[in-house]
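Thanks for coming. Please have a look at the structure before I start.

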Amino acid sequence: MVKEKEKLVEKEELEEEVPKELEDLPGVGPTTADKLREAGYDTIMSIAVAPVAQIADSSGMTQAGAMKAQIAARNAMDMGFSTGSELVKKRTTIERLTTGAPELDELLGGGIETQSISETYGAFGSGKSQIAMQLAVNVQLPKKKGGLNADVVFIDTENTFRPERITQMAEARGLNPKKILDRIMVARAYTSDHQMLLVDKVDELIHRQGKNIKLVIVDSLMSLFRSEYAGRGTLAVRQQKLNRHLHSLQRLADKHNLAIYITNQVQSRPDVFFGNPTAAIGGHILGHASQFRIYLRRGKAGKRIARLVDSPCLPEGEAIFKITAKGIESA
Ligand code: ADP
Ligand code: MG
């Protein structure tokens, strides 16, 4: 009896020691914690996985201090091994959102997935933003119509979001445009830092305002990064920031079982003479982050050709669809 009671006490004490808030980490007081949160490190997990130099930079802690906090954070975490069966279980909660074109949905294995980042890239006018706006409408549809019955966040970096186009797409489906527009939270991003901050705010929209967000769009992902980090010497910094940005997007997708849709530009590759002379910008970091990459190009008579590139589990293939006044449709 006595022994059991002792054990119980021991367990309670142990549980108490596990840090839950940033302030519970060694060397992290309220001021340091605030600085970390401002920089986007708002959970024990984010401290556990961040580069030590970045923790130090954003908090004003010394490298040694940051390292100590990180070790404590890592000890507190179950650092991420899952069994195959646990992963199967998690994957059963994945939901799919229709693009509006059955051929395109089929190419993607049934529409764009929650818990994943889907990316389209292609030349100007290839249809990336049209798909973004169509998804913003479709996510609001009931599940039996291919939607997720949910709200959407639209981060617009190129000022190409058009409410009139949403109205047109909504009316084509017999939906009330005002109601549809009310559930699209649009934010114009002016700098890459602003863009990153907006992604962090999505968590707040869900937690504090109780929004049921199932889709986050970033149109386009790279334009601000590209213009701000134009010089060769700045590429490493750009990629580091981009990496952080993509991790926050993926974390959102996992945490809230929501879908991420990003658009991307192409870079001409004058060195490639045969085959496809264009590649998505963003390099390997982006290539590994998005689970579904679709290359879009114009076909004949207003048609669009979508090619699925480098999918972890789906065959490469192409689908044809069209963009009309109604939106994204079967060709
Ligand atoms: P990007 O890939 O640069 O984001 P968009 O998604 O903006 O390209 O696609 C623009 C193209 O979509 C236009 O060139 C036009 O072909 C088509 N489009 C846009 N609006 C309409 C509309 N209301 N009716 C028919 N086609 C449209
Ligand atoms: Mg666009």
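This is a predicted model: local features need pLDDT of at least 70, side-chain atom pairs count only at pLDDT 80 or more; totals for chains, interfaces and linings use all residues.

Helix 8 passes helix 9 in a right-handed crossing. The axes of helix 8, residues 128–138, and helix 9 come within 10 Å, with a crossing angle of roughly 55 degrees. That angle makes helix 8 oblique to helix 9. Which residues make the contact? From helix 8 there are Q130, M133, Q134 and V137, and from helix 9 there are R165, I166 and M169. By type, the residues of this contact of helix 8 with helix 9 divide into four nonpolar, two polar and one charged.

Two of those residues bring us to the ligand. Q130 is among the 15 residues around ligand 1, and it belongs to the group that comes nearest, together with G125, K128, S129 and R298. R165, on the helix 9 side of the contact, has a polar side-chain atom 3.2 Å from a nitrogen atom of ligand 1.

Helix 4 covers residues 52–59 and helix 5 covers residues 63–76. Their axes come within 8 Å and cross at roughly 115 degrees. Helix 4 and helix 5 are therefore roughly perpendicular to each other. The crossing of helix 4 past helix 5 is right-handed. On the helix 4 side the contact has V52, A53, I55 and A56, and these meet Q63, A66, M67 and Q70 in helix 5. The residues of this contact of helix 4 with helix 5 divide into six nonpolar, two polar and no charged.

Helix 4 has another partner, helix 2, which covers residues 30–38. The axes of helix 2 and helix 4 come within 8 Å and cross at roughly 115 degrees. So helix 2 and helix 4 are roughly perpendicular to each other. Helix 2 passes helix 4 in a right-handed crossing. Here T32, K35 and L36 in helix 2 meet I55, S58 and S59 in helix 4. For the contact of helix 2 with helix 4, the residues divide into two nonpolar, three polar and one charged. I55 is listed in the contact with helix 5 and in the contact with helix 2.

Last, the backbone. As background, most residues other than glycine have a negative phi, and most peptide bonds are trans. What is the phi of N159? It is positive, about 55 degrees, although N159 is not a glycine. N159 sits in the loop between strand 4, residues 151–156, and helix 9, residues 163–172.

The other spot is the bond that joins D219 and S220. This peptide bond is cis, with omega about 0 degrees. Where does S220 lie? S220 is in the loop between strand 6, residues 213–219, and helix 12, residues 223–228.

That is all I have for today.

Conventions:
Residues are numbered from 1 along each chain as its sequence is written. Chains are lettered from A and ligands numbered from 1 in the order in which they are written. Side-chain values use heavy atoms; hydrogens and water are left out. Axes are lines fitted to C-alpha atoms, for helices over the stretch in contact, and angles run from 0 to 180 degrees between N-to-C directions. Helices (H or I, at least four residues) and strands (E, at least two) are DSSP runs, numbered from the N terminus. Angles under 35 degrees count as roughly parallel, over 145 as roughly antiparallel, 65 to 115 as roughly perpendicular and the rest as oblique. A crossing is left-handed if the near helix is turned anticlockwise from the far one by less than a right angle, and right-handed if clockwise. Contact means heavy atoms within 4.5 Å. Ala, Val, Leu, Ile, Met, Phe, Trp, Tyr, Cys and Pro count as nonpolar, Asp, Glu, Lys and Arg as charged, and the others, Gly among them, as polar. A residue is near a molecule or strand if one of its heavy atoms lies within 4 Å of it. A polar contact is a pair of N or O atoms within 3.5 Å; within protein, one must be able to donate a hydrogen and the other to accept it, and residues adjacent in sequence count only if both atoms are side-chain atoms.
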